[in-house]
Amino acid sequence: MMELWYSPASPFVRKVVVTCHESGLTDRMKIHEVNTNVIDSDAELRARNPLGKIPALTLENGETLFDSRVICAYLDDLNAGPKLTPSETEARFRAMTLEALSDGVMDAAVNTRYEMALRPEEFRWQEWMAGQFQKINTGLDSLEEKYIDDLNGDVSIGVISAGCALGYLEFRFPENDWKEKRPRLSAWFKEFSKRPSMAKTTP
Ligand code: BEZ
């Protein structure tokens, strides 16, 4: 059995679990829930991943893979069904860039969440948070303007990552009005959220 170092709130963990569902590999992975953050990381996890970060995936041979991109690429290698990373060069790098864009939106959102939930109020840095929100907004604009056809096409690792980024915004920033300004992205997310892999992993 592979063992996933897991926290239900992390969008990067969700991306791995959704990929696991979409690849038909759920019976090969067990969940190891862990409480970890930048300030207080889990010692056992740190022994497996020196960065102390989730997601990490311990394989049957004892080796541990990280981060989410590496884990998802590994799962796609094991995947006997349609691959989540296209084989044709142009399509592959487009899917990988969509993944990088969506991961970047997640990064900015998680950074902001940490700033708001963990950092003592007197140390909060408004300009830095505004910079993170700008990344989120320009990232979402790009999904709306440049990637709608990709999102509505075959499920790829980039499509999964976009779904998890939007799911995290919905979870941690429910007051954010991103949907109003981006009707196509909003409609896509509503439909994509109905997939069993997404519905089963909603935080
Ligand atoms: C959260 O609580 O939002 C969170 C937890 C773990 C990783 C990333 C985000």
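Trp5 is found in strand S1, residues 2–6 (strands are DSSP runs of E with at least two residues, helices are runs of H or I with at least four, and both are numbered from the N terminus). This is a predicted model, where local features need pLDDT of at least 70, side-chain atom pairs count only at pLDDT 80 or more, and totals for chains, interfaces and linings use all residues. Residues are numbered from 1 along each chain as its sequence is written, and side-chain values use heavy atoms, with hydrogens and water left out.

Trp5 counts as buried because its relative accessibility is 0% (buried means under 20% relative accessible area, exposed over 50%, partly exposed in between, with a 1.4 Å probe and protein chains only). Beyond its neighbours within four places in sequence, Trp5 has contacts that include Val13, His32, Leu45 and Thr58 (contact means heavy atoms within 4.5 Å).

| Pair | What is given | Distance |
|---|---|---|
| Trp5 and Thr58 | side-chain polar contact | 2.9 Å |
| Trp5 and Cys72 | C-alpha separation | 14 Å |

A polar contact is a pair of N or O atoms within 3.5 Å; within protein, one must be able to donate a hydrogen and the other to accept it, and residues adjacent in sequence count only if both atoms are side-chain atoms.

Now for the cores. The largest nonpolar core has 31 residues, and Leu166 and Trp188 are among those with the most contacts inside it (such a core is a set of buried Ala, Val, Leu, Ile, Met, Phe, Trp, Tyr and Cys residues joined through side-chain atoms within 4.5 Å). Helix H7 (157–172) is one of the elements giving two or more residues to this core, and H7 gives the most, with eight residues. A second, separate core of 21 residues includes Tyr6, Leu45, Leu59 and Cys72.
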